[in-house]
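Subject: Structure handover and notes

Dear colleague,

Please find the structure below, followed by my notes on what was found in it.

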Amino acid sequence: MIFEQIATGGCQSYLLGCPDTCATALIDPEVSQIDRYLALASRDALRIRFVIDTHTHADHFSAARQVADRLHAKTVMHIRSPAPGIDMRVDDGESIALGKLRLRVMHTPGHTADSMCLVGSDRVFTGDTLLIGGTGRTDLPTGDPVALHASLFDRLLKLDPALKVYPAHDYKGRSHSTIGDELRTNPRLQHSELEAFVRMMKALDLSMPTHLTEALRTNMSGGKTVTQMLAEAAACVPFMSMEELRDRVEAGPQGLVVLDVRERDAYEAGHIPGARLLPRGQLELRVNEELPDPTARIVTCCEFGRISTLAAATLRTMGFQRVAALDGGMKAWKEAGYPTQSGAR
Ligand SMILES: [Fe+2]
């Protein structure tokens, strides 16, 4: 069997394939590892056919759509997943074919309503239904401790105790365990009566995952993360270093427009000498009167260098072909002791 485990922080993703045909599935890919998945597949001449999310993740950004688009693979999720545009929705009892391998779908709601485990011949990918020494939490949207109890005790834990368990998370650097090990040692499985289990799950006082709302928004809708928006903007605009801009500002105006896209109060508290104010929120509305010359050379700036990147990308889209963004922001500019001016212009 072709098998790779890729850890990103506590998130685990897996490449699993048939050695005879090179047909491969990628399970629970994470957005920061896209290049790694593509590199692994090409290193081993694998054909990734399916990109599977075991459930709607609340704590990391799924790369399923992006990897699938790059490789002409199919995205796979459980039939109850709210994500749009899933190529192949699967249900309990069905199998995903990878050459001669089969991954059987076991619907295991509880952590989320769309959670599923993928059962192979010697291993099971448990998503967040069963973790090493733990279980998925049930306090996030669509979580249900009663359903998790049934999924674990009536279904998953009745599988062969020798099956290896590969979860979607492990924060302690462990690669896997077995169903038998978990039955014996997992503290959350020691309460097999429903009431005690539910009481224990409800008593867990877990902090909310960082990026909860953004992960749910993008994973459920197929929308973009803020990081992705910034990366896409940064990939289509040039930057000007702070030193370069300082030298040009000190050399006097040479047809370079420094465009400060912060709000007025931030601008008046201190801006680059000669900079013009055009807040990002008014950019499209006022661009015609403020920047009548589409051939003008423009450098956008803001507080941290992020909004100015988006503004520069917007201006390029609008036809200003000589726009760059400041590589840095006013915070760094001031910390570097570079010249500023205050007040209205
Ligand atoms: Fe999860």
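The C-alpha centres of domain 1 and domain 2 lie 43 Å apart, where domain 1 covers residues 2–223 and domain 2 covers residues 228–335, the bounds being taken from an automatic or database domain assignment. Please keep in mind that this is a predicted model, in which local features need pLDDT of at least 70 and side-chain atom pairs count only at pLDDT 80 or more, while totals for chains, interfaces and linings use all residues. Residues are numbered from 1 along each chain as its sequence is written.

As to overall dimensions, the radius of gyration of the protein, taken over C-alpha atoms, is 26 Å, whereas a compact globule of 345 residues would have a value near 20 Å by the rule of 2.2 Å times the number of residues to the power 0.38. The C-alpha atoms fill a box of roughly 75 × 50 × 35 Å along the principal axes. The protein has 12 helices and 19 strands, which are DSSP runs numbered from the N terminus (helices are H or I with at least four residues, strands are E with at least two). Of the 345 residues, 41% count as buried; a residue is buried if 20 or more other C-beta atoms lie within 10 Å of its own, exposed if 12 or fewer do, and partly exposed in between, with the C-beta atoms placed from the backbone. Two residues are in contact if their C-beta atoms, again placed from the backbone, lie within 7 Å, and among contacts between residues at least 6 apart in sequence, 61% join residues at least 24 apart.

Two helix pairs are described next. Helix α3 (residues 145–155) and helix α5 have axes that come within 9 Å and cross at roughly 125 degrees, the axes being lines fitted to C-alpha atoms over the stretch in contact, and the angles running from 0 to 180 degrees between N-to-C directions. The two helices α3 and α5 are therefore oblique to each other, given that angles under 35 degrees count as roughly parallel, over 145 as roughly antiparallel, 65 to 115 as roughly perpendicular and the rest as oblique. This contact is made by Pro145, Val146, Leu148 and His149 of α3, together with Leu194, Phe197, Val198, Met201 and Lys202 of α5.

Helix α7 (residues 226–234) packs with helix α11 (residues 307–317) at an angle of about 55 degrees, the axes being 9 Å apart, and α7 and α11 are therefore oblique to each other. On the α7 side the contact is made by Leu230, Ala233 and Ala234, and on the α11 side by Thr309, Leu310 and Ala313. Ala313, whose place is in α11, is buried, with 21 other C-beta atoms within 10 Å. Leaving aside neighbours within four places in sequence, Ala313 is in contact with Ala233, Cys236 and Val237, and its C-alpha atom is separated by 9.0 Å from that of Ala235, 78 residues away along the chain.

Two strand residues may also interest you. Gly127 belongs to strand β10 (residues 123–127) and is buried, with 29 other C-beta atoms within 10 Å; apart from neighbours within four places in sequence, its contacts are Thr54, His55, Ser115, Met116, Cys117 and Ala168. Asp260 is found in strand β16 (residues 256–260) and is buried as well, with 26 other C-beta atoms within 10 Å. Asp260 and Cys301 are 41 residues apart in sequence, yet 5.0 Å apart in space from C-alpha to C-alpha, and Cys301 is among the residues that Asp260 touches, which also include Tyr267, His271 and Ile272.

Finally, which backbone angles might you want to look at? Phi of Asp28 is near 55 degrees, a positive value in a residue other than glycine; Asp28 is found in the loop between β3 (23–27) and α1 (34–43), and counts as buried with 28 C-beta neighbours inside 10 Å. His211, which is not a glycine either, has a positive phi of about 65 degrees. This residue, His211, is found in the loop between α5 (194–203) and α6 (212–221), and is partly exposed, with 18 other C-beta atoms within 10 Å.

With kind regards
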